Amino acid sequence: MADYQDQPGTILLVDDHRENLAALQAVLEPLREPLVLAESGEQALRALLHMECSLILLDVRMAGMDGLQTARIIRSRPGTSHIPIIFMTAQSSELDEITKAYESGAVDYVVKPFEPEILRAKVGVFVQLHRERVERVRESRARAEAEAVARAVRTLQILSDAAMTYLDIDELAAALVQRSAELFGAAAAVLLLRDDKLPGLHVRARAGEQALEIEDDRIRVGEDVLGEIAATRGGAILQAHDLDAEDRAKAGLGDGLASLLVVPLLSAGELMGLLLLAAEHENHFDQRDLELLTLAADRMALAVDHAQRYADGRLLVETLQLSLLPERLPLHPRMQLAARYMPAGLAPQVGGDWYDAVELDDNRIAVMIGDVVGHGIRAAITMSELRNALRAFAIEGHSPGEALRQLDRVVLATRGPGMIATLLFIVIDAAEGTVTLARAGHPPPALRAVDGSVRFLETARTLPLGVDPNEVSSQETYPMKPGETLLLFTDGLVERRGEPITDSFDRLLDALAQAPAEVELLCEHVLQKTGTEQGRDDDVAVLAVQLVDASVGALELKLPARAQSVTVARHRLRAWLEENAPELDPIARADLEVAWSEACSNVVRHAYGPAEAFFDASASREGNELRMTVRDTGQWRAPGSRSGGRGLPLMKELSDELVIDRQDDSTTVTMVRQLPSDGPGTAMLCP
Amino acid sequence: MTEQQPPRRELLGGAGSGELASVTATEHGAGLVLAISGEVDISNIDSITHAIYELPNTEEGLLIDLSDVSYLDSSAVSLLHDLAMRLRSRAQRMIVVSPPHSPPRRILDLTALYVNAPIADTLDSGIRLLRAGNNAPL
């Protein structure tokens with residue numbers, strides 16, 4: 001009984017006498033329908049498991065399972081109940097037998113030995129009926145298919161429109177997630193996208209009345225129920241009742257959400273993100289929804305890719321601007337510097353704000369900030385020329401007033417009138433405790449005293465550079481004490497449409513008065529409080545300089561979790577140790593610097609989010625005991641590959657006592673080192 | 001014939017660059033001498049690594065002169081270990097120069113760099129080691 005796979009018109013012939021089967025075969029051959037022969041009821045039932053049959057010719061009296069039993073089983077199975085059965089009975093059959101045959105599901109009967117013409121005619125009618133039935137099923141399927149296709153096209157159209165309309169990645173994400181939720185009747189929807197800087201997929205937009213909460217708004221590809229689906233790059237439908245409590249939580253299925261449709265966003269085979277739709281009812285989504293959303297997700301992925309590339313283009317221009325700013329500020333043991341630059345609004349262009357800082361000697365640094373009128377590449381080039389010229393004047397030892405005079409001459413000689421730039425040039429002398437400044441049309445710097453009082457350091461008001469060849473820039477010198485902070489800024493920080501400029505200056509002073517002492521945090525605070533974060537028309541630069549007060553008992557630092565901070569922290573510790581543990585020999589001091597740097601480096605290596613996270617580092621001395629702590633608010637991990645696993649052993653080796661305290665929300669590394677008790681000495685060489 | 005100064009290339013940093021460290025490369029008969037000066041930590045290890053790995057690897061031996069390094073930590077140690085192992089796998093030699101009793105030397109000793117690369121006290125003895133190595137294994 002070989003090959004009866006899926007032949008729609010197949011006729012099944014069942015008789016326990018081979019010669020009868022052969023006779024039937026001969027009679028039905030002219031119909032040109034495929035015939036399958038079975039020699040028992042059991043064989044017939046088995047055959048029916050594998051094929052689509054149009055008609056069954058069934059002998060009533062068979063050894064073993066007889067025809068009536070066989071028919072009842074055929075009728076009882078959903079897959080075969082619709083197949084017409086013609087019974088074949090002997091001439092001598094009782095009426096009773098024929099009745100039973102009808103009861104067990106026969107549609108007709110023929111009496112053996114049969115008339116070939118009559119049998120062929122009857123079989124032909126049923127085959128024809130079967131064909132019509134198949135045709136009807138096909139038609140209704142086609143209709144459903146057509147409706148589904150129309151819905152799919154509509155859905156794709158609506159989502160593609162959204163994909164074409166928005167170029168900004170956040171607007172795009174919001175539109176896609178909103179429309180997907182509406183089209184698929186979802187109670188909640190979340191779109192997660194990848195991020196170049198961070199691992200995993202991150203929630204970018206949400207929609208719907210219910211909340212679909214993803215832990216930390218992040219999915220790690222390959223981890224947990226959603227991460228595993230993401231890793232397969234295929235879609236899935238999840239029912240809440242199929243999941244255990246933990247998976248339900250991980251999948252964001254809180255109370256009121258019973259099913260989840262998950263599709264990946266793939267662009268050129270790369271995983272761009274994951275779209276989640278949740279519904280209040282079980283089985284809300286079917287296979288067709290999954291296929292349709294998968295199709296739509298392909299278009300979304302393209303749009304997302306496009307938007308991200310656009311954003312990257314803007315990033316490129318911003319990178320050009322940043323490349324014109326100093327990559328790192330001077331690390332001066334007696335001065336603490338921090339700066340921020342924020343590009344203007346949304347348009348991809350280069351602004352004209354810049355700043356720079358140059359170390360002149362062990363006691364003095366020069367800081368400068370300026371604004372070139374206009375935006376774009378030209379402004380950036382001008383800015384770069386001014387910066388280089390000013391650097392040269394500063395290193396040659398010109399005073400601020402003299403440097404500006406020279407620069408004015410250079411600008412007039414090389415560019416002619418018409419190129420407008422403002423500038424503030426300052427030299428800070430930590431040994432003298434003075435700040436000397438000269439400015440060309442630029443806002444004056446603000447000074448915050450140790451007691452928290454704030455004021456602007458004025459000089460005679462002057463014109464911008466390149467305006468008047470006869471302009472004489474004057475300079476002023478003010479005292480500056482340890483612990484005091486000087487803030488330089490560009491007018492983007494204080495200019496706001498429809499507001500008197502004096503109000504803005506007052507707001508800046510207020511912000512500075514209330515800002516944290518640490519310069520990095522101070523810059524953040526000032527930007528935030530002056531409303532510089534949103535809706536800027538102009539770019540903004542700020543630069544803060546603080547005279548370090550090393551005589552203050554303990555060293556307390558709060559620094560952004562980035563690599564440069566490790567250097568800053570080390571230099572601050574060096575200066576603090578010189579002041580507070582002068583008896584340390586160079587090797588012992590270096591030991592502490594390394595131990596401290598390793599602890600800070602470990603925080604930075606595992607920092608989550610480069611700009612947002614901060615860490616605390618402090619050092620204190622209690623009698624002959626030095627205590628250094630580094631605390632971060634992330635999960636501490638053992639030093640990874642970048643340190644070759646050597647950071648932790650070094651920290652252990654270089655301190656007398658090392659304690660790592662891991663809490664749920666923070667990790668504190670404490671290192672203790674005993675100083676020699678009998679005055680300065682070399683007992684520290686090998687701990 | 002006058003003695004020629006070996007050609008010296010600046011790979012990273014230099015006066016006025018604002019870099020924490022600088023790297024220069026000088027050709028010697030026996031190999032390439034890379035001199036690092038300044039401070040090496042997590043903030044500049046990537047650019048130093050990049051500068052070194054950019055060099056064409058055609059020399060028989062490499063000498064890394066840390067005489068003018070005032071600070072280094074595990075980021076530098078990892079680079080040196082990796083470099084030494086990489087060169088050894090290609091039958092090239094690497095020698096490190098670091099003055100005894102200096103803070104960097106202490107860190108190199110604590111992290112057992114000598115397992116992967118010999119450490120010489122001075123540039124001269126380092127270069128002698130490099131020359132000797134061309135004929136005899138260490």
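Biologist: Which residues in α14(A) are buried?

Modeller: This is a predicted model, so keep that in mind. In α14(A), the buried residues include Ala563(A), Val566(A), Arg570(A), Leu573(A), Trp576(A) and Leu577(A).

Biologist: What makes Trp576(A) count as buried?

Modeller: The cut-off is 20 or more other C-beta atoms within 10 Å of a residue's own.

Biologist: How do you know that the length of helix α14 of chain A agrees with what it should be?

Modeller: At 1.5 Å a residue, its 18 residues (563–580) should span 26 Å. The end C-alpha atoms of α14 are 26 Å apart, so the two values agree.

Biologist: Now the open sheet of five strands: what is its order?

Modeller: The order is β12-β21-β20-β17-β18 in chain A, with antiparallel pairing.

Biologist: Why do β12 and β18 of chain A stand at the edges?

Modeller: Each has a single partner strand, so one side of each is left without a neighbour in the sheet.

Biologist: What makes β12(A) and β21 of chain A a pair?

Modeller: Pairing needs at least two bridges. Eight bridges join β12(A) to β21 (residues 540–547), so they pair, and they run antiparallel. Ala338(A) stands opposite Ala544(A) in β21(A).

Biologist: Which strands does helix α13 of chain A touch?

Modeller: Helix α13 (residues 519–529) packs on the sheet and touches β12, β20 and β21 of chain A. Its direction makes about 35° with that of β12(A).

How values were computed: Residues are numbered from 1 along each chain as its sequence is written. Chains are lettered from A and ligands numbered from 1 in the order in which they are written. This is a predicted model: local features need pLDDT of at least 70, side-chain atom pairs count only at pLDDT 80 or more; totals for chains, interfaces and linings use all residues. Helices (H or I, at least four residues) and strands (E, at least two) are DSSP runs, numbered from the N terminus. The expected span of a helix is 1.5 Å times one less than its number of residues. A residue is buried if 20 or more other C-beta atoms lie within 10 Å of its own, exposed if 12 or fewer, and partly exposed in between; C-beta atoms are placed from the backbone. Two residues are in contact if their C-beta atoms, placed from the backbone, lie within 7 Å. Axes are lines fitted to C-alpha atoms, for helices over the stretch in contact, and angles run from 0 to 180 degrees between N-to-C directions.
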